[in-house]
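Hi everyone, thanks for coming. Please have a look at the picture on the screen, and then we'll walk through it together.

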Amino acid sequence: MKELIMVDNLEKTFTLHHSQGKQITGCKDISFSINHGEFMGITGKSGAGKSTILKSLYRTYKPTSGRMVYNSTQFGPIDLVSASDREILSIRKNEIGYVSQFLNVMPRVTAIDVVLEAIIEMGSDGVKAREQAKDMLAHFKLPETLWDSFPRTFSGGEKLRLNLAQAMVKRPKLLLLDEPTASLDQKSKEAVKDMMIELKQGGTSMIGIFHDLEFMETVVDVEYHLADGQFKKVEKV
Ligand SMILES: Nc1ncnc2c1ncn2[C@@H]1O[C@H](COP(=O)(O)OP(=O)(O)OP(=O)(O)O)[C@@H](O)[C@H]1O
């Protein structure tokens, strides 16, 4: 398999049990592929289904139908739609990262420990690892007063910064970014951009949702737009 991921006719339908089984389409007819090291941006209006695509790839949502064949280091080509929970957990731990403004961490673990655990999982040790965790939190400008606090009460921007620091440490093969610049000021956006460039140079592929189109165009290789149920590649002029 030469691509990193091939998505074929992905569909996710939600059944609302509290509304007599009413069905809502999250996304449908989604097909695309990305190559190793490629960065894809997704745009589309609110409610079009952008987050549903990312959450299906991360298997937060179990797709209703379709295929998402991912070229895993551990398992070889694997369909993320039918992969077992155990396989998905292992892929999340070692290969696919997810960054958003929402919490992606265990409760009652301090911010610095979130990053530290990621560093230890990557094979570094004690004092050096702690210094590296501090550097990473400082790099993404998480205020030092928050380093020993529990992230549950952090603002959206603070949670995002912590998730970015954790993702950066893990250097995943594929990073899913759900509005990675939301709630960030210009200076912090520059830090995010630097991180993306650095990850890309290290071979990480990324799929990101952006509302800041100007920012997006400076980082992505390919852009897809989701509108009126159609998912189409935007040809660059
Ligand atoms: N867990 C869920 N249960 C029921 N419906 C959902 C769920 N998640 C998403 N939806 C619905 O699926 C559709 C697509 O939502 P999604 O969050 O993917 O849109 P989006 O393009 O990311 O929007 P935004 O830009 O506002 O974040 C919406 O109609 C939404 O209400």
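So, what do we have here? The protein has seven helices and 10 strands, and please keep in mind that this is a predicted model. Along its principal axes, the C-alpha trace spans about 50 × 40 × 40 Å. For 237 residues, a compact globule would have a radius of gyration near 18 Å, and the protein has 18 Å, so the two agree. Buried residues account for 36% of the 237 residues. Now take the contacts between residues at least 6 apart in sequence: 68% of them join residues at least 24 apart.

In what order do the six strands of the open sheet run? The order is 6-7-8-3-9-10, and the pairing is mixed. Strand 6 and strand 10, residues 230-233, are the edge strands, each pairing on one side only. From one strand to the next, the twist averages 15°. If you are new to this, strands of a sheet pair through backbone hydrogen bonds, either parallel or antiparallel.

Start at strand 6, residues 96-99. Ile-96 and Tyr-98 point one way, Gly-97 and Val-99 point the other way, and all of them are buried. Next to strand 6 comes strand 7, residues 174-178, and these two pair in the parallel sense over four bridges. Here Tyr-98 stands opposite Leu-176. Strand 7 also pairs with strand 8, residues 205-209, again in the parallel sense, over five bridges. There, Leu-176 stands opposite Ile-207.

Now find helix 5. This helix lies across strand 6 and strand 7, and runs at about 165° to strand 6. In the loop between helix 4 (126-139) and helix 5 (156-170) you'll find Ser-155. Is Ser-155 buried or exposed? Ser-155 counts as exposed, because it has 11 C-beta neighbours inside 10 Å, and the cut-off for exposed is 12 or fewer. Ser-155 and Gln-101 are 54 residues apart along the chain, with their C-alpha atoms separated by 8.4 Å.

Last stop, the ligand. The residues surrounding the ligand include Phe-14, Ile-24, Gly-44, Lys-50 and Thr-52. Strand 2 (22-35) and helix 1 (50-57) are the elements that give two or more residues to this shell. Which element gives the most? That is helix 1, with three residues. By type, the shell divides into three nonpolar residues, seven polar and one charged.

Technical notes. Residues are numbered from 1 along each chain as its sequence is written. This is a predicted model: local features need pLDDT of at least 70, side-chain atom pairs count only at pLDDT 80 or more; totals for chains, interfaces and linings use all residues. The radius of gyration is taken over C-alpha atoms; the globule rule is 2.2 Å times the number of residues to the power 0.38. A residue is buried if 20 or more other C-beta atoms lie within 10 Å of its own, exposed if 12 or fewer, and partly exposed in between; C-beta atoms are placed from the backbone. Two residues are in contact if their C-beta atoms, placed from the backbone, lie within 7 Å. Two strands pair if DSSP finds at least two bridges between them. A residue is near a molecule or strand if its C-beta atom, placed from the backbone, lies within 6 Å of it. Ala, Val, Leu, Ile, Met, Phe, Trp, Tyr, Cys and Pro count as nonpolar, Asp, Glu, Lys and Arg as charged, and the others, Gly among them, as polar. Axes are lines fitted to C-alpha atoms, for helices over the stretch in contact, and angles run from 0 to 180 degrees between N-to-C directions.
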